[in-house]
Amino acid sequence: MALLPIIEYPHPTLKKVAREVDLAEINDAFRKIIADMIETMIEAPGVGLAAPQVNISKRFFVVDVSNYYPDRKPFVLINPVILEKSGRQTFEEGCLSLPDFREDVERAKKIKAKYLDEFGKEQIIEDEDFLAIVIQHELDHLDGIVAADRISPMKRMMYLTKLKKMTKKADRAPVAL
Ligand SMILES: [Zn+2]
């Protein structure tokens, strides 16, 4: 297993719509990348990591919510699609690709989604809590959207100004390399 470098905003891959994974691609080599992503996410530490964040522009992400749902091991969602969503919830989100980002983001409260697991089998997932937030955050990455795009223009401007200053001074800790 290996740790993968996590890219940061405004890297162009983070702004691209990622392409679907072909069923034929889901083989041992692909599962090795999934294992590396899970290791990278846990090491970071993070609760989710989308393929575009490790510069792979394909539609899959890994999630580790075992702190909140003890029965759930880290898992992968390939080609996820939200089938139903309802309600609203707000949560202070961070992101491994947005240094120092911590802002309230509003998302759907309850979601139902389908995805392929690491063997290409279709699965259905439903949640109305933290996992629903994580899935929506990671799904955004597959569509070239980051959490900073989900806050008010004024707050976004303030964050981007802060980010520029941090990059200039290079006074921040490196992220999970
Ligand atoms: Zn993120």
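Me: How do you know that S1 and strand S2 (residues 60–63) are paired, and which way do they run?

Reply: In this predicted model, three bridges join S1 to S2, and the two strands run antiparallel. Pairing requires at least two bridges between the strands, and three are found here, so S1 and S2 count as paired. One of the places where they meet is Gly48, whose bridge partner in S2 is Val63.

Me: What makes S1 and S7 edge strands?

Reply: The open sheet has five strands in the order S1-S2-S3-S6-S7, with antiparallel pairing. Strand S1 (48–50) and strand S7 (122–127) each have a single partner strand, so one side of each is left without a neighbour in the sheet. On average, and with direction ignored, neighbouring strands of this sheet are turned by 40° against each other.

Me: Which helix lies across this sheet?

Reply: Helix H2 (residues 130–142) lies across S1, S2, S3, S6 and S7, and runs at about 20° to S1.

Me: Why is Gly120 called partly exposed?

Reply: Gly120, which sits in the loop between S6 and S7, has 16 C-beta neighbours inside 10 Å. A residue would need 20 or more to be buried and 12 or fewer to be exposed, and because 16 falls between these limits, Gly120 counts as partly exposed. If its neighbours within four places in sequence are left aside, Gly120 is in contact with Leu23 and Ile26.

Me: What makes Phe61 and Val62 stand out in the largest nonpolar core?

Reply: That core has 40 residues, and Phe61 and Val62 touch the most other members. The elements that give two or more residues to this core include helix H1 (28–43), strand S5 (98–107) and H2, and the largest share, six residues, comes from H2. Leaving aside neighbours within four places in sequence, Val62 is in contact with several residues, among them Ile34, Met37, Leu49 and Phe75.

Me: How do you know that the radius of gyration of the protein agrees with that of a compact globule?

Reply: For 177 residues, a compact globule would have a radius of gyration near 16 Å, and because the protein has 16 Å, the two values agree. Along its principal axes, the C-alpha trace spans about 45 × 40 × 30 Å, and 32% of the 177 residues count as buried.

Notes. Residues numbered from 1 in each chain as written. Predicted model: local features only at pLDDT ≥ 70, side-chain atom pairs only at ≥ 80, totals over all residues. Helix = DSSP H or I, 4+ residues; strand = E, 2+ residues; numbered from the N terminus. Axes fitted to C-alpha atoms, helices over the stretch in contact; angles between N-to-C directions. Contact = placed C-beta atoms within 7 Å. Core = buried A, V, L, I, M, F, W, Y, C linked by C-beta atoms within 7 Å. Rg over C-alpha atoms; globule rule 2.2 N^0.38 Å.
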